[in-house]
Amino acid sequence: MESLHLYHTIDIKTDSLPIIKPEELFRGTYPNNSYVRFRGVIRQVRDPELIGPLQPNKLTQLNAMKERVLLQVELFPFATEWAKDRYYANCGAIEPFDNNRKRSQSHANGKVEKRVKMSVEDDKADVSPVRLSKDLNSSLINVYVYEDQSKFVKNDAFKVNTAFDFVGVFDVSKTERNVDEFEREEGALLHCCDAVKMTPLAMIQPHQRFSFYQEINQNNQSIRDHCLKYWSEQTDQKLEISKVREMLIHYLAESLLGDTVGAEYLVLCLLSRVYTRVNDSSPLGNISINLQLGWNVSKADSDAFILSINDRIKEVVPLFSELQVAVQDLNCRDLIPHKDYTTDCLLTGALQLPNGTTLTLNETSLSTGKLDEKGYKNINAVQSLISKMQLPYDFQYFSLEFPQDISIISVSASKSIFSSLLHIPVQSGQLSSRVLHEPGALRSMLECFRMYLVSMRELEVTMGNEQADMAEKYYVNRRKEDNSVTSDDLDRWLRLARLQAISQGADHVSNACWERVVELECIRSQRCVQLTLKRPSILFGGAVVYIGASTVTYFTLYKPKTTDDFIQHLDNFKRRHIFDENAAKYDKAIDLDEKIMGISLLRRYLLRSCRGDVLEIAAGTGRNLCYYPKSVKQLTFTDFSNGMMEQLKKKKEFEQAVSSVDRCNCHVMCAEELGFPDQSFDTVIDTFGLCSMVDAQRALEEMQRVCRKDGKILLLEHGQSHYMWLSSLLDKFAGVHAKAWGCQWNRDILALVENAGLEIEDIKRFHFGTTYYIVARPTQRIDK
């Protein structure tokens, strides 16, 4: 094809060439053998073939053998409306045609005119625009790329899911279309004259020469300079990167119920990309996040939230897709590409996204159901995309994984079903004011946000030795405090530190970046703990069993004999006797109850706050032993029952505790008279012990006395309910329960804590208010 060979020898202004639009293909807008351009993503790559003198035809006109590859390209998929409008806004005009003479093609510069040599028969057949069949897919273009034809791209660079700006010769001639291999292909045909790999910046500023993008992406400073220049043109004011970052966080927070912490994580996710891979399954640089709305959110509220966040994201990113994650959708939709051997075509899937796309997963409608074979493959494909940034392609007899690079944001009521996500519980906050009021100001700032995201994403950031040492020391200290911390946590912190530096437009990870990551992760961790403690699945079920059992007992016994006298005369001697008798069977008797009611979970989260020298009051059989973090230096256990203490010492967890701390002591003593000097301990703990003490207030005063000024007192107790009817029920059976277990379960815990003078930092109540989770600190000294 003469047009193909002359492309690089004549000065063609590509920005004046017509752009292929899907809707125009059916109308016959584009004439045969004319230069056109389009932007697309490669969906399929055929095997290369050799052509030349042995296969002569009027389209090739080659004097030597050359390699060519057939690509199937989809026109600009998943582009947001503003990105499409910007790209199609500058379309070259389609030239008029005269069927009574040979066609001449005039180029935009007006300097060059070429004539296509063809026979009279071919001329009549090919000179006019040709309409494509309605049966063809108008969004697909079949592109021939020829060896050494493109200046900037080699043939081996044309890979699946890679986006390019193509310039080529449009072809609907019968000569090429009748070749057997094309009979099964969908879409139009184009012979590629040149191609440029699409960059994010080309989405903001399309139709520029390749050298324009090259100059901007030379280094970090050139990227920053271009940003600042672009912002000043858009807003007529001098904006700094920090200011645009702050305003973007604020803008996104408006759709996150005012949650600026969640918005900051969202910005980091939008900036993330895979900058390298350790191996095929270990990408570096990217993060995926899960926004958790809370288990009690209504369907209307979750739908409104997702609509709001999607609208905001689509305003600032050029490529966007959303996916409904529900059993029915997973079983029915084609999420992964699969080979159709009947037509010998690779059919695309909803997850086959261009690199740089932002994908939101809506998990709020996920309910119990059964996945079929397709659903199982689909959910594994989503997980593979999140954890490895690889998408499996189903070839029926085998599967291959191809790399992708996208930003993934999941929205769910509680914890996502997918692992490897950064879980962020959303908490409503109060924004000082709306940053953007007027439509004109909003449009200008949206331009700034778009340039910020696509430009900062390209920065290359390094981490110095000082910051690496800081990260390593922080990881080691956290491991000592909490043995659940792993190398995966360190990897996440390092990724976030790099993204913090990128978000601030820096070249290196600074101490401030690392400190901000630590601060964000502490906030996120606290939110996760709070959300976990509010999970209804175990705790609500435990409360139902708890109340149900009490109610059944009430109606079974109806009016039990009052045992108030027994409680009044229940001194330490009698209590000790009851606990000594129950010691051997104690664990077995309450194991099931604690599992059903989620008590083990509450123990675990309460003890996460332990540090330094720790004293546990009323340690019993040592049910807290396995929950102590490694930040504990010294452990001291006390209990007034010899039998209980012997059971504690027999446990293997006790042996592990002895070996993991500097010193571990056990003492048989009453909580009301602790034999330790003032301010001896950093943390004092009591779990379900106040109910078994003769003078519970005096015991709390003793805990306060031995706790250091900056220490904490951690309590997990049971007592009176929020509800009068339940408290009455507990009162009714308090004597029966005390006689069996030495425990008075109807005490007013809050009154005891307040009367003892403790300052409460945090309090939560579970099981209809009967279980108290209290974090307190000493405020005054009590003399004996």
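**Close-up views of a predicted model**

The structure holds 38 salt bridges, each a side-chain nitrogen of Lys or Arg within 4 Å of a carboxyl oxygen of Asp or Glu. This is a predicted model, in which local features need pLDDT of at least 70, side-chain atom pairs count only at pLDDT 80 or more, and totals for chains, interfaces and linings use all residues. Residues are numbered from 1 along each chain as its sequence is written, and side-chain values use heavy atoms, leaving out hydrogens and water.

**View A. E74 meets R43 in a salt bridge.** Their side chains come together at 2.7 Å, N to O. E74 sits in strand β3 (residues 66–75) and R43 in strand β1 (residues 34–45), so the pair ties together parts that are 31 residues apart in sequence. Strands (E, at least two residues) and helices (H or I, at least four) are DSSP runs, numbered from the N terminus. E74 counts as buried at 18% relative accessibility, and R43 is buried at 2%. Buried means under 20% relative accessible area, exposed over 50%, and partly exposed in between (1.4 Å probe, protein chains only).

**View B. K377 forms a salt bridge with E373.** Here the closest N and O atoms are 3.9 Å apart. The two residues are four apart in helix α13 (residues 373–388), so about one helical turn separates them. K377 is partly exposed, at 33% relative accessibility, whereas E373 is exposed, at 60%.

**View C. R450 forms a salt bridge with E447.** The closest N and O atoms are 2.9 Å apart. Both residues are buried.
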